[in-house]
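Here is a short tour of a protein model, in questions and answers.

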Amino acid sequence: MDMINVKINGIAVSVPKGSTVLEAARIAGMEIPTLCFMKEKNEIGACRICVVEVNEGRGFRLVTACVYPVSEGMEVLTNSEKVQKSRKTTLELILSTHDKSCLSCVRSTNCELQKLCRDYGVEFSAFDGFKPTYELDTSTPHLVRDNNKCVLCRRCVAVCREQYVSVIGANDRGIDTNIGQAFNLKLNETPCISCGQCTAVCPTGALTEKDDTDKIWAALADPTKTVVVQTAPSVRATLGECFGMPIGTNVEGKMVSALRRLGFAKVFDTDFSADLTIVEEANELVQRLNNGGTLPMITSCSPGWVKFCEFYYPDMLAHLSTCKSPQQMAGAVIKTYWAEKAGIDPKDIVSVSVMPCTAKKFEIGRPDQSAAGVPDVDIAITTRELGRMIDRAGINFTTLPDEEFDNPLGEDTGAAVIFGATGGVMEAALRTANDWLTGKDNTDVDFEAVRGTMGLKQATVNINGADIKVAVASSGSAAKVVMDRLKAGNPDGWTFIEIMGCPGGCVNGGGQPIQPQSVRDTVDLKAVRAKALYDQDKSMALRKSHDSPVIKTLYSEWYTDGFGGHKAHHDLHTSYIPRKKYNA
Ligand code: SF4
Ligand code: SF4
Ligand code: SF4
């Protein structure tokens, strides 16, 4: 590799040719502040927070470090008086139109703008004057846009484009420039897939998940209600980040403790219904293979992906498995089987879910998601919202003892745990298919070929002498590649496909804890968080969904007409809606 010698703040460093000043500084162990920059996603040099002084033989001058390339012999000053003055002026300009409501802002203490202002001692703006004001966009169930806190960094625009959705962009010009939907449409009038990726990268409180925690506090205070909660597989791998724990710490036991201390009557594990999804989905695949059904079959666990398919490939919905997502299956079982066992009228149960995903807020309101005649799930909150509830309740999360989920809906297998990572659903399905098709209790359950954080993975798996071709995609743009291949006649010969709406799957869902961009640029969040799940899977005695005791009990006591039987079909399966992108 060709190397270049530069001096950063007087320290000599050798960096690969083609590096930017920002990359060179990171190699030298120095962080230059950024606001609009996202590595390989939004390298636009627009906000000018990252200015540094460089000297290439013609004297020092200010450049934007995130896009400016290093050259041999370059001298760089990252914190000179001139640099600091420039950054302060930029921050004052940003603050001149900013709603500075830090006292109650949901992003306070986790806001990149607030941190910059604190670091540079900027509190007021010398440029106060005309300030446009914006109404909040609360039109969708999953997010709130508050452009009074927007810094025009366009990170949200970049990730929405990466999702192959692109429903947001810059409107108007000059001081009126604002980020929103074309023609000033409300977000719910666009083909937004509710993935929430924009909320995970926004550096400020301009884009946030819609907060539903007050509904939970109200339900917990209502003596006529039994409030139960389920937690998705990936939440245990990320919740600790809300309390400063290292990325990739599995906090399953502390999470259960915290939920009990918040007052939930029962703490269930969505993992049990991930196992349920696998057995229902595997059965559906076998039926399609035997009866000439639509193939390849595509998973339907990810509501962001389902909405993507409904909007962008409405003529291909027959490929989707009719299985409800694990969230909805758990909700259905809680309000039918468990309600009857516990002797509680389903109308008196408030069923809460904690999810990695803002699209789950949309999913709970979909039609055909009410097995007991009432919504399967009443309130869906994100990992971030649970973190705030634990904070508000004064629970010292890091010192909590480990506790176990409530049974019977708290028992799971390793197959369910890995649902939270891209490829996890596929691997879980392959473990079950391998046993069912060979008629054996196979001990080799690791299907490494479908692991990893790449957007699109393909594998050929030999089961019982037959080669089965599968694909795994995560993100809207990877989904587009897969769907276009299917439209071209499936030349790859795929039989079964897993698609997740978010890059890397649920561990990187739009409702997961927010890490500053400097961390997102340098740590592979998807891989580190997924490792926590694969480690847990490896340590478990049961690693195949069909071995789960709760699955065996459910089919012997409740779904007695078997996998895909009439009752299971009524409770656990759903239908889809071809959607128009815009109602012209
Ligand atoms: S977005 Fe940041 S700076 Fe603005 S009010 Fe919220 S916490 Fe404060
Ligand atoms: S939720 Fe997803 S699809 Fe909707 S605007 Fe944000 S990034 Fe785009
Ligand atoms: S909404 Fe957030 S991410 Fe989008 S441009 Fe504004 S500050 Fe940046």
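Q: Which residues are the closest around ligand 1?
A: This is a predicted model, in which local features need pLDDT of at least 70, side-chain atom pairs count only at pLDDT 80 or more, and totals for chains, interfaces and linings use all residues. Residues are numbered from 1 along each chain as its sequence is written, while chains are lettered from A and ligands numbered from 1 in the order in which they are written. A residue counts as near a molecule if its C-beta atom, placed from the backbone, lies within 6 Å of it. Of the 13 residues that surround ligand 1, the closest are Cys 102, Cys 105, Cys 111, Thr 204 and Gly 205.

Q: How many residues of domain 3 are in contact with domain 1?
A: An automatic or database assignment sets the bounds, giving domain 1 (3-93), domain 2 (96-209) and domain 3 (214-572). The C-alpha centres of domain 1 and domain 3 lie 43 Å apart. Contact asks for C-beta atoms, placed from the backbone, within 7 Å; six residues of domain 1 meet this with domain 3, where the number is four.

Q: In what order do the four strands of the open sheet lie?
A: Helices (H or I, at least four residues) and strands (E, at least two) are DSSP runs numbered from the N terminus, and strands pair if DSSP finds at least two bridges between them. The edge strands, each pairing on one side only, are S11 (266-269) and S14 (379-382). The pairing is parallel, and the order is S11-S10-S13-S14.

Methods:
Two residues are in contact if their C-beta atoms, placed from the backbone, lie within 7 Å.
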